[in-house]
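Trainee: I would like to go through this model and ask what each term rests on.
Mentor: Go ahead.

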Amino acid sequence: MTNSSTAEPLLEVRDLQVEFRTKAGTAQAVNGLNVTLHAGETLAILGESGSGKSVTAQAIMGILDMPPGHIAGGEIRYRGEDLLQMPDERRRRLRGMNISMIFQDALSSLNPVLPVGWQIGEMFRVHRGVKRREARQKAVEMMERVGIPAAEKRAGDFPHQFSGGMRQRIMIAMAIALDPDVLIADEPTTALDVTVQAQVMRLLKQLQEEFNMGLILITHDLGVVADVADKIAVMYAGRVMEASDVYSIYSSAAHPYTRGLLASIPRVDGADERLDAIPGLPPALTDMPPGCPFSPRCAFATDRCRTERPELREIAAGHTAACHYAEDFITAEEDQHEPA
Amino acid sequence: MSNVTTVQASGGATGDGTRPRRPRRPMSKTKLYTRRFMRNKSAVVGLVVFGLIVAFALTGPFFQRYDHVELDFLALSEGPSADHWFGTNSGGNDLFAQVVFGLQRSLMIALAVSSGATVLAALVGASAAYFGGNVEKALVGFIHFLMATPTFLIVAMMSEDSGGDWRVISLVLIFMTWFFLARTIWTLSLSLREREFITASRYMGVPGVMIVLRHMVPNIASLLIVNWTLGVIQAVQMETALSFLGFGVKLPDVSLGSLIRVGADTITSSPWLFYFPAAVLTLLTVSLALISDGLRDAFDPTSGAGGHA
């Protein structure tokens with residue numbers, strides 16, 4: 001991660017704007033998003049429901065429902081080539097082969113009437129033109145790779161005959177079957193038990209290192225992020241509120257929203273206290289406040305916050321935040337730590 | 001087989017509230033459906049009768065003493081006898097040979113029509129739903145147009161033009177029957193289109209045609225199978241209706257329909273000419289109806305008729 005920043009980025013999203021044109025008006029689902037991803041790097045996009053994180057993933061994959069979705073501006077460069085300008089057929093070939101995706105709910109993402117081995121093998125048949133028998137053999141290999149016991153025997157089983165964790169492993173096997181450069185995982189562990197979550201994340205991390213993939217992890221689970229991510233982008237109402245390496249976010253979060261998220265993690269040692277939830281709801285995307293989108297819910301909001309929209313700016317090396325008072329929050333934190 | 005017997009044996013204990021023990025591994029769908037189907041008595045009867053009819057059509061030629069075009073001038077309009085098992089018509093044709101041949105012809109037309117119509121309907125219906133947009137508008141518009149067209153008249157004219165060639169009749173019957181099923185499949189596929197595994201395979205770069213063929217169609221397979229059996233019945237009846245009205249197959253070619261037509265003309269003087277082909281036709285359609293009913297129950301997990309498996 002340290003040396004990769006000098007190399008050409010694998011994926012670069014610049015000023016991405018995604019709109020949804022609805023009867024109620026135009027909803028700005030993603031507004032001026034900038035992220036870069038290098039090989040072997042894990043970028044976590046963090047945010048609550050409706051913050052635009054899944055829409056970002058869909059835009060990158062080129063699977064946005066259009067209409068009502070619409071990419072209003074910006075570019076998504078894969079190895080320097082703009083995906084948005086690419087012909088559809090070429091883009092389809094990239095999907096699955098170079099840029100792949102893992103979905104949230106493995107049960108509904110697998111075809112219930114087809115054997116899992118067939119479904120993994122389909123990746124080889126579609127993209128590599130491999131014959132049926134060979135595809136099945138490769139599918140079994142992939143199943144072994146993601147740790148499914150008795151893979152040879154179970155390749156003929158149907159999705160409903162597997163447990164949740166095993167199904168997610170099958171999804172992972174499909175996603176990495178063709179050795180992609182970029183893997184997007186959209187809340188890969190949300191539908192799983194906590195213990196299984198850890199196993200699946202460990203597997204993902206291990207495979208990422210093995211294949212040297214760039215991983216975009218879309219999640220709202222801060223616990224998952226801390227373990228595996230290198231960089232974090234916190235999204236709120238379609239904008240990046242704060243972005244930095246994972247260490248800075250946890251040690252010196254500069255945006256009140258990030259702080260709110262961190263404070264709302266349940267703690268084992270504070271069982272008698274009420275959970276610090278962020279009050280209120282995200283604003284409607286069709287009706288954004290003129291100032292900072294977080295200002296209606298922010299405990300520190302001033303009149304300036306309500307009228308003037310803060311731009312994302314660098315507040316420390318590799319650490320950006322969109323808050324007028326970002327520096328104040330960091331220094332306040334340092335003051336707190338000094339006496340100790 | 002041993003699996004079945006254990007379940008049946010423990011099934012006897014269901015009376016006192018204990019459910020039969022589940023097998024250790026979930027059984028395959030085919031096995032499950034077969035067992036549910038086999039538990040349905042009327043469906044099994046239907047299957048046996050249908051099997052006998054097919055066997056009759058296939059082996060009949062080995063037993064018949066006369067060809068269906070051969071004329072026996074010594075036996076005109078004679079009732080069933082040791083020589084002519086089903087009797088003869090006024091021209092001296094052996095009715096047994098004619099029924100065997102007519103049954104073959106009717107079955108061939110029915111199977112071809114039902115298979116063709118089901119495949120066409122599945123392709124058009126699922127494609128319309130998957131591709132959406134203008135493709136969907138065009139295809140569904142065409143289906144609705146056909147539904148409002150008096151297709152029977154068109155079919156009657158076309159088959160009359162062809163001189164009663166059974167292949168042409170099959171084609172026009174396919175053309176006449178596919179769109180009702182296509183519309184049903186379209187509406188079902190609409191909800192299938194929104195399912196995540198369809199989107200997922202699109203995300204993975206699977207081409208649209210492959211998604212329709214390999215992901216959508218297998219999901220409506222049970223509907224297709226049931227409709228295929230119903231389609232066979234429909235095709236038999238339509239072919240019979242066409243032939244009965246004189247638009248179907250032409251002599252010397254015979255089908256059940258054309259035989260019934262001849263028989264109906266002479267029902268008072270030589271009733272056997274009507275009863276034998278009519279009986280075979282009835283057995284054929286009823287047995288198929290029982291089979292399709294049994295299949296529907298076997299495929300439908302909410303149906304009480306098959307019992308729990």
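Trainee: Which residue in strand 5 of chain A is the bridge partner of A:R77?
Mentor: A:D82 is the bridge partner of A:R77. Keep in mind that this is a predicted model.

Trainee: What makes strand 4 and strand 5 of chain A a pair?
Mentor: Pairing requires at least two bridges between the strands. Two bridges join strand 4 (residues 69-78) of chain A to strand 5 of chain A, so the pair meets that cut-off. The two strands run antiparallel.

Trainee: In what order do the strands of the open sheet in chain A lie?
Mentor: Four strands form it, in the order 2-1-4-5, with antiparallel pairing.

Trainee: Why do strand 2 and strand 5 of chain A stand at the edges?
Mentor: Strand 2 (25-37) and strand 5 (81-82) of chain A each have a single partner strand, so one side of each has no neighbour in the sheet.

Trainee: Which residues of helix 2 of chain A are called buried, and what covers them?
Mentor: In helix 2 (residues 88-97) of chain A, the buried residues are A:R92, A:L94, A:R95 and A:G96. The word buried needs 20 or more other C-beta atoms within 10 Å of the residue's own, so these four residues reach that count. The cover includes helix 1 (53-61), strand 4, strand 6 (99-102) and helix 4 (116-128) of chain A. Helix 8 of chain B is also part of the cover.

Trainee: Which elements of chain B supply at least two residues of the side that touches chain A?
Mentor: Start with the totals: 16 residues of chain B are in contact with 22 residues of chain A. Helix 8 (196-203) and helix 9 (208-216) of chain B each supply at least two residues of that side of chain B. Helix 8 of chain B gives the largest share, five residues. By type, the side of chain B divides into ten nonpolar, three polar and three charged residues.

Trainee: Which residues touch the most other members of the largest nonpolar core?
Mentor: The core has 168 residues, and those touching the most other members are A:I120, A:A173, A:I216, A:A233 and B:L173. Helix 4 (residues 95-131) of chain B contributes the largest share of this core, 19 residues.

Trainee: What is A:I216 in contact with, leaving aside neighbours within four places in sequence?
Mentor: A:I216 is in contact with A:L37, A:L43, A:I45, A:A57, A:V182 and A:I184.

Trainee: How many helices and strands does chain B have?
Mentor: Chain B has twelve helices and zero strands. Of its 309 residues, 39% count as buried.

Key. Residues numbered from 1 in each chain as written. Chains lettered and ligands numbered in written order. Predicted model: local features only at pLDDT ≥ 70, side-chain atom pairs only at ≥ 80, totals over all residues. Contact = placed C-beta atoms within 7 Å. Nonpolar A, V, L, I, M, F, W, Y, C, P; charged D, E, K, R; others polar. Core = buried A, V, L, I, M, F, W, Y, C linked by C-beta atoms within 7 Å. Buried ≥ 20, exposed ≤ 12 C-beta atoms within 10 Å, placed from the backbone.
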